[in-house]
Amino acid sequence: MDVHEIAGGVSMDDVAQAHLADLQAQGAYDVRYLRYWVDEGHGRVFCLVEAPTAQAAADVHRRAHGLVADRIYQVQEGS
């Protein structure tokens with residue numbers, strides 16, 4: 001799970017476009033961006049991603065749109 005902090009807020013439409021760019025770039029890195037959540041007013045974006053490494057996940061964002069996450073957390077799904 002990665003977290004972006006964007007000063008001044010962020011729009012859902014802008015995040016949707018960035019996510020589409022991630023989907024186009026992810027195959028080259030063996031990464032799958034699955035879902036995202038947006039807090040428009042506070043400028044927070046949370047991306048759920050399956051990746052072999054945190055670096056691979058960051059590389060997709062860098063290549064797709066340049067908005068590299070501020071933090072990346074390794075998480076496990078509970079039942």
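**Ground rules.** I took contact to mean heavy atoms within 4.5 Å. Helices (H or I, at least four residues) and strands (E, at least two) are DSSP runs, numbered from the N terminus. I am working with a predicted model, where local features need pLDDT of at least 70, side-chain atom pairs count only at pLDDT 80 or more, and totals for chains, interfaces and linings use all residues. Residues are numbered from 1 along each chain as its sequence is written, and side-chain values use heavy atoms, with hydrogens and water left out.

**Helix 2.** I started with what covers the buried residues of helix 2, and found that the cover includes strand 1 (2–5), helix 1 (12–25), strand 2 (32–39), strand 3 (44–50) and strand 4 (71–72). For burial I used relative accessible area with a 1.4 Å probe and protein chains only: buried is under 20%, exposed is over 50%, and partly exposed is in between. Helix 2 itself runs over residues 54–64, and its buried residues are Ala56, Ala57, Ala58, Val60 and His61. After helix 2 I came to Gly66, which has a positive phi, near 85°.

**Helix 1.** I checked the length of this helix next. I then listed the buried residues of helix 1: Val15, Ala18, His19, Ala21, Asp22 and Ala25. Looking down the axis of helix 1, I see these buried residues within an arc of 160°, so they line one face; the arc is taken from the directions from the helix axis to the C-beta atoms. On the other side of helix 1, I noted Asp13, Gln17, Leu20 and Gln24 as exposed. The buried residues of helix 1 pack against strand 2, strand 3 and helix 2.

**Asp22.** What does the side chain of Asp22 make a polar contact with? I found the side chain of His65, at 2.9 Å. (A polar contact is a pair of N or O atoms within 3.5 Å; within protein, one must be able to donate a hydrogen and the other to accept it, and residues adjacent in sequence count only if both atoms are side-chain atoms.) Asp22 is buried yet has no salt bridge, and the nearest side chain of opposite charge, Arg63, is 9.8 Å away. For charge, Lys and Arg count as positive and Asp and Glu as negative, while His and the chain ends are not counted.

**Ala25.** I read a relative accessible area of 6% for Ala25, which is buried. Leaving aside neighbours within four places in sequence, Ala25 is in contact with Val60, Arg63 and Ala64.

**Salt bridges.** My rule was a side-chain nitrogen of Lys or Arg within 4 Å of a carboxyl oxygen of Asp or Glu, and the count came to five. One of them joins Glu5 and Arg71 (3.1 Å, N to O). That pair links distant parts of the chain, with Glu5 in strand 1 and Arg71 in strand 4, 66 residues apart. I also found Glu50 with Arg32 at 2.9 Å, N to O. Glu50 lies in strand 3 and Arg32 in strand 2, so this pair ties together parts 18 residues apart in sequence. Arg44 and Asp39 meet at 3.7 Å, N to O. Through shared partners, salt bridges join Glu5, Asp39, Arg44 and Arg71 into one network.
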